[in-house]
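Here is a short briefing on one structure.

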Amino acid sequence: MKISFRRIAAGAAACLLLAQGALAESISFSGTVDVNGTVEVYAPIGGTVEQVQAEVGQAVKAGDVLATLSTQKVYAPEDGVVTGVFGVPGDSAENVAARYGAVMYIEGERRYTIAASTENAYNTTENKFVRVGERVYLSCYSDGAHTGEGVITSIQGTDYTVEVTDGEFLIGETVSVFREESCKAASRIGRGALARTNPTAVTGSGSIVSLAVSDGDSVRRGDLLFETLDGAFDGFYMSGSALAAQTDGVVAQLNVQQGGNVQKDSVAAVIYPANAMRVVAQISESDLGSIREGDQVTVELLWNQDEEVTYDGVITGISHIATESAGNGENADGVTYAVYVDFEADENTRYGMSAIVTTKDGTGDEADEDAEQ
């Protein structure tokens, strides 16, 4: 049987092409796990950092607190009942006070005051001279049916004010003021009209973060009433005193420190989102023709030395700008190009991990040539 030389040559060429194709079925190149986008955490309002609850490199969930701001706390100045709560979280305390006179009011336990004068005092030098803080005894001028006690809180010339600390009286009645509990005329130091004590106005500065009391609550002196932060919330929407993560991910940058000041709308932190991991690898110029965008690859992360752990990936981008490789003379590798590979990361994946990317069979220009043949 005759075998033509031409057929033998064609067969040899085909075998050579198949062998070359087999050798070029897959290539590998190294890279690292990088980030594809970041999320910035902005301060919703200004203030002083009270506590930092996160650190760079920490994995966080959406809503986790990164830091908290120190609020300005407003306390009850006296015992009494809260009334007229006009402010709500998110409001400017100054704006509320400008409109209503205060954020809230307290009806004190001392409900009466007397605007008295020494002009009606028993005619002695000592009775004409009263002192702030002096405890006095009270009796209604008409019939003495109403009695009580009080303390002198202010003096202006011959006029002075008595705050009633005990006893029941009628609004508007005239009350005599005495130095002695017996209420004898010789100890009278004045007389005046009784009126109700004005509620105590409670104000603050900044924007209201939270209210600790409601209308009608009884409070003691020193009880917390409300808290504020510097500045104004956007649209009067109270977003709290915490700086929180908006997405799952890893804290890449923290721009706050305990005791430091934060300005509204400043970037308090930067987060690498959990779903934004990718591999950035470098491929030599000679291998560019072996890959293309959309190629399926395997990604091997070197976090486990005991077994080979691989992930499915896809080439999503190839840089059009070369990067000069390090090395000189015989060690020079020429130029390389960045290749971007998306893959499904898991809880074992960390930014900066070393990775080896391997193309799957039937990728790149060789696959196109096989399809054409």
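**Sheet β6-β18-β16**

In this predicted model, 3 strands make up an open sheet, ordered β6-β18-β16, with antiparallel pairing. Its edge strands, β6 (72–75) and β16 (207–211), each pair on one side only. On average, neighbouring strands of the sheet are turned by 30° against each other, direction ignored.

- Strands are DSSP runs of E with at least two residues, numbered from the N terminus; two of them pair if DSSP finds at least two bridges between them.
- The angle is taken between N-to-C directions of lines fitted to C-alpha atoms, on a scale from 0 to 180 degrees.
- β6 and β18 (residues 224–229) run antiparallel and are joined by 4 bridges.
- Q72 stands opposite T228 in β18.

**Confidence**

- The protein chain averages a pLDDT (the predictor's confidence in each residue, from 0 to 100) of 86, and 87% of the residues score at least 70.
- Residues 1–23 stay under 50 in pLDDT, with 1 contact (heavy atoms within 4.5 Å) beyond four places in sequence.
- Residues 327–332 also stay under 50, with 3 contacts beyond four places in sequence.
- Where pLDDT is low, the predicted coordinates should not be read in detail.

**Cysteines**

- The disulfide count is 0, the rule being a pair of cysteine sulfur atoms within 2.5 Å.

**Conventions**

- Residues are numbered from 1 along each chain as its sequence is written, and side-chain values use heavy atoms, without hydrogens or water.
- Local features need pLDDT of at least 70 and side-chain atom pairs 80 or more, while totals for chains, interfaces and linings use all residues.
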